[in-house]
Amino acid sequence: MQKFMSDYLDEVCTNIRGKTVRQVARGELFDHMKERYAGLLDEGLTEEAATLETVKRMGDPETLGRRITAANRSVSELIILCMGFILTALIFIGVLAALGAEFEWFIDTISFIVVLGFSAVYGFLYCGRKLSLINFLSGVKTGALYAGAVSCILGVMTVLHRIGENPDSIGYVISIAMVSLLYGFLISAAARIAERRLLPTGDGVIRGLIE
């Protein structure tokens, strides 16, 4: 029983950021598992069955580790995140104002659908057999960056092929490539925010995260 639960806790802890949180969480999780194990034995289960049921009720170790990390994120991390968003928005607005850009420059339906579609497919593939909304969003936030980067590279390759054929179309193709990259970043950021919003928070390290 001890070895089986220890292996489970090792897998959980590999997905927890922060040495202190990791150490505290491991102790609290082990105590919680021991209590649940004892309760299952009182219900008449064998030691092996009680061990398997205890681990099963704890849930997916990878997801639990990320939940614990998110629930114990520091206030300073949130402040830095907010400042980053504000600074990025100010720079973006400043660049647009300096260039005299128009809103229509950033709208391309086909590029958005391609990037979003690739992100969704990557999200499902990322889940594998562990399909859940949290895992899906985690895959989407990575897949969107890949989709934006690939679309941008394809756009640049198109420009290089057409540079001597139709110079007038080069600016348009580059614009589409850059917009695809922008969509990738925006979708990734949205998926990350949604993922964090869905993760429960609670007092302490693991309170409110497991039943």
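**A pair in helix H3**

By about what are glutamate 53 and arginine 57 separated in helix H3? The two sit four residues apart in helix H3 (residues 47–58), so about one helical turn lies between them. Helices (H or I, at least four residues) are DSSP runs, numbered from the N terminus.

Glutamate 53 is partly exposed at 23% relative accessible area, and arginine 57 is partly exposed at 45%. Buried means under 20% relative accessible area, exposed over 50%, and partly exposed in between (1.4 Å probe, protein chains only).

**About the model**

This is a predicted model, in which local features need pLDDT of at least 70 and side-chain atom pairs count only at pLDDT 80 or more, while totals for chains, interfaces and linings use all residues. Residues are numbered from 1 along each chain as its sequence is written, and side-chain values use heavy atoms, leaving out hydrogens and water.

**The other salt bridges**

In total, the structure holds three salt bridges. One of them joins arginine 26 and aspartate 10 (2.8 Å, N to O). Arginine 26 belongs to helix H2 (residues 19–42) and aspartate 10 to helix H1 (residues 2–13), so this pair ties together parts 16 residues apart in sequence. Arginine 26 is partly exposed at 27%, as is aspartate 10 at 36%.

Glutamate 62 pairs with arginine 66 in a salt bridge, with the closest N and O atoms 3.0 Å apart. These residues lie four apart in helix H4 (residues 61–71), about one helical turn. Glutamate 62 is partly exposed at 23% relative accessibility, whereas arginine 66 is buried at 16%.

Note on methods:
Salt bridge = Lys/Arg side-chain N within 4 Å of Asp/Glu carboxyl O.
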